[in-house]
Number of protein chains: 2
Amino acid sequence: MTRFMDVHHGMEGITADQLAQAHQADLAIEHEENVHFEAAWADPESGTVYCLSEAPSAEAVQRIHERAGHKPDEVHPVPLQV
Amino acid sequence: MTRFMDVHHGMEGITADQLAQAHQADLAIEHEENVHFEAAWADPESGTVYCLSEAPSAEAVQRIHERAGHKPDEVHPVPLQV
């Protein structure tokens, strides 16, 4: 399992409810690919959302996010953490 | 206090030790601007580092990172979190 940071652009104006609903949509199906979305942070002004996950691959992160309705623009493994 | 995500590019090949040292350099002076760096994640392959902090302003995050020797390329407020 590797940790990943993925980034969504174009989310200008996202609300707390929309972020919570998007996260719930991920949590509802993530087990099918052995992914776990741990946290997400959003900047409604620049329209950027960052999601932190643990997953077997970047492709698994991509697939869960895409099936949940919000394909990410970037998925980076982040093997180092402090 | 607001939460911020800042991003550093061009950090290809960063090691766990270098990430830990950079974080320690922030922690050593962050109190001077009432900033707290909570966590950082690095992708040595793409050279990207993400830092999560709480701070009074983006400028305070920028100044502490710059004085610690690693000016960020982007600083985004992330007022929403799940």
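This is a predicted model: local features need pLDDT of at least 70, side-chain atom pairs count only at pLDDT 80 or more; totals for chains, interfaces and linings use all residues.
Residues are numbered from 1 along each chain as its sequence is written, and chains are lettered from A and ligands numbered from 1 in the order in which they are written.

**View 1. The interface between chain A and chain B.** Contact, meaning heavy atoms within 4.5 Å, involves 28 residues of chain A and 28 residues of chain B. The buried area, which is the accessible area (1.4 Å probe) that two parts lose on being put together, summed over both, is about 2100 Å², and carbon and sulfur atoms give 71% of this value. On the side of chain A, the residues that lose the most area to chain B are W41(A), L80(A) and V82(A), together 36% of what that side buries.

**View 2. Polar features and composition of the interface.** The rule for salt bridges (a side-chain nitrogen of Lys or Arg within 4 Å of a carboxyl oxygen of Asp or Glu) finds 0 across the interface of chain A and chain B. Between the two chains, 8 residue pairs are in polar contact, both residues being at pLDDT 80 or more. A polar contact is a pair of N or O atoms within 3.5 Å; within protein, one must be able to donate a hydrogen and the other to accept it, and residues adjacent in sequence count only if both atoms are side-chain atoms. Helices (H or I, at least four residues) and strands (E, at least two) are DSSP runs, numbered from the N terminus. Of these elements, β2(A) gives the most to the side of chain A that touches chain B, with 6 residues. The residues of that side divide into 18 nonpolar, 6 polar and 4 charged; Ala, Val, Leu, Ile, Met, Phe, Trp, Tyr, Cys and Pro count as nonpolar, Asp, Glu, Lys and Arg as charged, and the others, Gly among them, as polar.

**View 3. An open sheet with strands from both chains.** The order of its 5 strands is β4(A)-β1(A)-β3(A)-β2(A)-β5(B), with antiparallel pairing. At the edges stand β4 of chain A and β5 (80-81) of chain B, each with a single partner strand, so one side of each is left without a neighbour in the sheet. Strands pair if DSSP finds at least two bridges between them, and 2 bridges join β2(A) to β5(B). Here A42(A) has L80(B) as its bridge partner, and W41(A) stands opposite Q81(B).

**View 4. Strand β1(A) and its partners.** Antiparallel strands β1(A) and β3(A) are joined by 7 bridges, with D6(A) opposite C51(A). On β4(A), which pairs with β1(A) over 4 bridges, E74(A) stands opposite V7(A). Because 5 of the 7 residues of β1(A) are buried, this strand is largely enclosed by the rest of the structure; buried means under 20% relative accessible area (1.4 Å probe, protein chains only), exposed over 50%, and partly exposed in between.

**View 5. The hairpin of β2(A) and β3(A).** These strands pair in the antiparallel sense over 7 bridges, and F37(A) has S53(A) as its bridge partner. The hairpin has 4 residues between the strands, and G47(A) in the turn has a positive phi of about 75°.

Definitions and conventions. Side-chain values use heavy atoms; hydrogens and water are left out.
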